[in-house]
Amino acid sequence: MSTVREPVPVVLVGARGHGGHHLANIRRLRRQGLVRLAGVCDVRPLGPRELEGFPGIEQSPDLDALLASTGARIAVVCTPIQTHTDLALVAARRGAHLLLEKPPAPSYAEFRRMADGVAAAGAACQIGFQALGSHALPAIRSLLDDGAIGEVRGVGAAGAWVRDEAYFRRSPWAGRRRLDGVDVVDGVLTNPLAHAVSTALALAGTTRAEDVADVETELFRANAVESDDTSCVRVTTAHGGPVTVAATLCAQTAAEPYVMVHGTRGRITFWYKQDQVLLQRTGHGPHENVHGRTDLLENLVRHLTDGAALLAPPEVCGAFMRVVEAIRTAPDPMPLPPSVWHTAQDGDGPRRVIPGVDALVDAAATSLRLYSELGASWARPAEVAAP
């Protein structure tokens, strides 16, 4: 005899901006009977049009009170980076489980405070690294285990995106390393292209904090902000293979980010937003596949109702947070002089472009080298002017 389960009540914390994607996903899962929206926590209540299809939803800027009144079992937290830990702990202490947006915290200490506190409260926690739900990841791991590309030499990742100057004014914390004395660390590798970092580390088998032996950073900014908009890092893993990730928000042309696993007899390229995998190996023609993906909120619901394993729990984010910590404690990003960049006038507004950076990002992922090692003149300290 089948059992009819009630939809799991969910509270959305931070419903505007990227929170709108979570609202749309909750609407999708509601149609499947998996969840129901029990409340919205935001500093500004949503209007009727924003909550179309969710009549009579309780709203409050006080998460603790909202969880108490709604009895929600899950809190989806999509708020400024520096608020993640405190909100996660409020939810966990109220007995709610968590889908916490990436990056989970602005420092390793705050990450540990969050993860340890949530675990002590007995709450399940999923970190919003959507690419970790891709079915391509186990498929790639299987290829590697079978020796499809020989011995793995290292993993590279590249992200060439464009963002206009208004992007860095979207909120008070945007483009900041600190705000009112509190760490934010809103850089290209820690926030918009954090997925490239976490996915590359996952494919390298480097997910725990103790898997990281060293992190080299090269942080730059063309925009008039505190944080880095064009950077690369190289992680030396405990088992020896390097992981190099290069990214920019000042590309000439937007491109799909990817992770590349290098082997002694070929390579595997994974475009993680499309779940697309290309296998290239010696003595064979190229082979391409597109895989499915498990939604992280759905996975969290299945974890609570059926005991499914979480795909992105805090314990697989320790290595990523070591990278965040290295970026946080590195010297402030070097400002690039106007001779290195120019302003492009696109339809969305003016944006700063670094000529040649698109190819440089690709070269870093392909060669596993840093910008300075690839000959970028602006990546040599002597070439960088004062702000």
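**Close-up 1. Asp-275, a buried residue in the predicted model.** The relative accessibility of Asp-275 is 8%, and the residue therefore counts as buried (under 20% relative accessible area, with exposed over 50% and partly exposed in between; 1.4 Å probe, protein chains only). Asp-275 lies in the loop between β14 (266-271) and β15 (276-281); strands are DSSP runs of E of at least two residues and helices runs of H or I of at least four, numbered from the N terminus. Although not a glycine, Asp-275 has a positive phi of about 60°. This is a predicted model, in which local features need pLDDT of at least 70 and side-chain atom pairs count only at pLDDT 80 or more, while totals for chains, interfaces and linings use all residues. Residues are numbered from 1 along each chain as its sequence is written, and side-chain values use heavy atoms, with hydrogens and water left out.

**Close-up 2. Asp-180 in the loop between β8 and β9 (182-183).** Asp-180, which is not a glycine, adopts a positive phi of about 55°. With 74% relative accessibility, Asp-180 counts as exposed.

Close-up 3. Gly-175 counts as buried, at 2% relative accessibility. Apart from neighbours within four places in sequence, Gly-175 is in contact (heavy atoms within 4.5 Å) with Phe-168, Asp-186, Val-225, Glu-226 and Ser-227. A separation of 9.0 Å is found between the C-alpha atoms of Gly-175 and Val-188, which are 13 residues apart along the chain.

**Close-up 4. The cis peptide bond from Lys-102 to Pro-103.** Omega is near -15° for this bond. Pro-103 belongs to the loop between β5 (97-100) and α4.
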